[in-house]
Amino acid sequence: MDNLLNIIDACANNNSACQKLVYEHYYGYALKIVFRYVYRYEKAVDVVNDGFVKVFRNINRFVTDDIEHVERRFMGWMKKIMINVAIDELRRNNMLAEIGGIPEHVWNVSDRSLSPDQALLYKELISLIKQLPPAYRAVFNMVVIDGLTHHEVAGLLDISVGTSKSNLSRARVLLQKHIKDLEASVI
Amino acid sequence: MKYIDNDMDELFNKAGQDYPLNTDHKNWDAVYKALQEDKGDLPPPQAPKNFNRYYLLLFLMILPMLYIIINNRYQYTQKDNVSATIIIPPAEQAPNPNPLPAGSIRPRPAEADIATPLGSTNNDAERPDKQDEAKSTGAARQVLPNRQSVTSLSTGEYSNNNRPVEKNVALAARSDELVKSGEPVKNKIFTVTGSYQNNSERLKTLVQDAQTAQYSYLTVPLAGVTQPFGKPAAIISEPPVFKALHDAADLLTAKQKSKALQRRGFYYGVKGGPDFSSIKGQQVKQAGAAAGILAGYKLNNRWSIELAGLWSNKKYYTDGKYFDKSSAYMPSTVQIYYLDGSCDMIELPISVMYRFSERANTFFVSAGLNSYFMKKESYDYLAQAGGVEYRGYRKYKNSGNHIFSNMQLSGGYQFKILGNINLRIEPYVQVPVQKVGIGNMPITSMGVHLGIFRNIR
């Protein structure tokens, strides 16, 4: 993605070749964000596509004066959009927990950028996050992984800052419990 | 516990970023289709919003103009021609025991004594008493054989309050009154509308007629001399009447001239007009506009200093090579073919003006420095990057202030339209002293400003 700024410019002018380039390059990044929030893989794929439509529709609003770190800024901007569309999806389901396991084909444990152990560990950790109730999952994802503040979380989820902190605390407790259970089962 | 939480957070953070997820289910077609449908939902293109702003600017420009015109019109109606009242020496009357010296001033007699106020003559024919007078005119002509010569005064000099069309009617009415038979008009003022100057012989005839008709006073406006309403008229009591009249007129005119010589003071107004801008002499595709207010100070009848504040929109076209991409946050790898630029700015020109004549209607030249305060810049451009050619659009707000960035030279003609109000036509050219805008471009502008301003005395 050399000359990202040029490509963004072209996307803003509805150049579909450049839009496709952006979509294909950042699809994995976006899906990894959304899948942490949305339980079902197929639904997450749809949400990501919706997110990209939103990205391209609003890409002319993306401005940065930090030429050195355009990609970082752009990814950060895109991440916020993806989180928003994922939260919208959770809201559509009234933040209800979903049941059923996650099929194995959604994972790519043969990812060469990770050692097999790491890949398995990360897969298990993400599975644990996905088992959290949606309200806890959303707050944990936003604060711990996506780096949002409690104020931002409160604004996005339309809850109080206290509720956000409380949900995070409960999410941590649940995760620690799950990790202990996991360790116990392995031993 | 906190450490445990921190370690756990770090671990989950890494997992959240790098977890192994199958990302092969891309569906660009679905996204593309959604984007195309989205395009179809777009509302039809509308006229640029800037258009409304220009109307607003025009409206704001008209308001002060209306104020100036109405205000000045009101003051103008408060003025009247200065007139001289001649005391008619009666032919068979005893000498005046208290004659006034020639050229002396004394208050007008009471309104009740004024038989025919100035300017009231046009409707005289409709008045019943005047109809009666008209019936008696035939007899009067026999008494006053010089009546025809009096009537002939209407050939130019007897303008009726600067309304030449009506002057014949006014003079005819005056003559009818003069030849009124049998009615003693002693101690009454007879007022002549129009001017007497350059028609001394005819005025002499008029005086003789008045004398024969036994009028005591004859009021004659002094040509080209105006004075605020309510001031006393010059009253000439001693012969030679005409020399005294001339002297009084000269005296008053000289006073006005001396006032004119000391025309220092402030003036203010509005100006605006089209603006044609170009970069390095390239083509001009569209016209911009500028409008705003001006204020100045006349140092004397020739020189003045002036400051203006204009809201200006400049439109320009340029080849990509004159556009500095680095300051516009564009990577150097982008190759811009050309740009159509538009910028909204506040212009603050400060200039020195020289008038070629001391009169109100004169040619002038002006030179000064102009500062640009950029409010908004937008660029439509055609560019190429990474082998992809595309049309781009960028907008920048408050992109910079450029103090004394242009030299403004102008010249034109100004003329008085009403009282203190002057109109000015001012072609100008703005030569760049430094590069301006987000793209650091040398913008040369030219156009014509139409201005209206009012002197504060």
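**Helices and aromatic residues**

Reply: A:His150 is found in helix α7 of chain A. The model is a predicted one.

Me: Is A:His150 buried or exposed?

Reply: The cut-off for buried is under 20% relative accessible area. A:His150 has 17% relative accessibility, so this residue counts as buried.

Me: Which residues does A:His150 touch, not counting residues up to four places away in sequence?

Reply: A:His150 belongs to helix α7 of chain A. With residues up to four places away in sequence left out, A:His150 touches A:Val143, A:Val161, A:Ser164, A:Lys165 and A:Leu168.

Me: At what angle do the axes of α6(A) and α7(A) cross?

Reply: Helix α6 of chain A covers residues 134–145 and helix α7 of chain A covers residues 150–157. Their axes come within 10 Å and cross at roughly 140°.

Me: What does that make α6(A) relative to α7(A)?

Reply: Angles over 145 degrees would count as roughly antiparallel. The crossing is at roughly 140°. That makes α6(A) oblique to α7(A).

Me: Which residues make the contact of α6(A) with α7(A)?

Reply: α6(A) passes α7(A) in a right-handed crossing. By class, their contact has 7 nonpolar, 1 polar and no charged residues. From α7(A) come A:His150, A:Val153, A:Leu156 and A:Leu157, and from α6(A) come A:Ala138, A:Val139, A:Met142 and A:Val143.

Me: How many residues of helix α1 of chain A are buried?

Reply: Helix α1 of chain A spans residues 4–12 and is largely enclosed by the rest of the structure. Its buried residues are A:Leu4, A:Leu5, A:Asn6, A:Ile7, A:Ile8, A:Asp9, A:Ala10 and A:Cys11. The count is 8 of the 9 residues.

Me: Which residue with a positive phi follows α1(A)?

Reply: The phi of this residue is near 60°. The residue is A:Asn14.

Me: What is the centre to centre distance of the aromatic pair B:Trp28 and B:Tyr32?

Reply: Over all chains, the structure holds 24 aromatic pairs. In this one, the planes are 45° apart and the pair is tilted. Centre to centre, B:Trp28 and B:Tyr32 are 5.9 Å apart.

Me: Where do B:Trp28 and B:Tyr32 lie?

Reply: They are 4 residues apart, about one turn of the helix. Residues three or four places apart in an α-helix point the same way. B:Trp28 and B:Tyr32 both lie in helix α2 of chain B, residues 28–40.

Technical notes: Residues are numbered from 1 along each chain as its sequence is written. Chains are lettered from A and ligands numbered from 1 in the order in which they are written. This is a predicted model: local features need pLDDT of at least 70, side-chain atom pairs count only at pLDDT 80 or more; totals for chains, interfaces and linings use all residues. Side-chain values use heavy atoms; hydrogens and water are left out. Axes are lines fitted to C-alpha atoms, for helices over the stretch in contact, and angles run from 0 to 180 degrees between N-to-C directions. Helices (H or I, at least four residues) and strands (E, at least two) are DSSP runs, numbered from the N terminus. Angles under 35 degrees count as roughly parallel, over 145 as roughly antiparallel, 65 to 115 as roughly perpendicular and the rest as oblique. A crossing is left-handed if the near helix is turned anticlockwise from the far one by less than a right angle, and right-handed if clockwise. Contact means heavy atoms within 4.5 Å. Ala, Val, Leu, Ile, Met, Phe, Trp, Tyr, Cys and Pro count as nonpolar, Asp, Glu, Lys and Arg as charged, and the others, Gly among them, as polar. Rings of Phe, Tyr and Trp (its six-membered ring) pair if their centres lie within 6.5 Å; planes under 30 degrees apart count as stacked, over 60 as edge-to-face and the rest as tilted. Buried means under 20% relative accessible area, exposed over 50%, partly exposed in between (1.4 Å probe, protein chains only).
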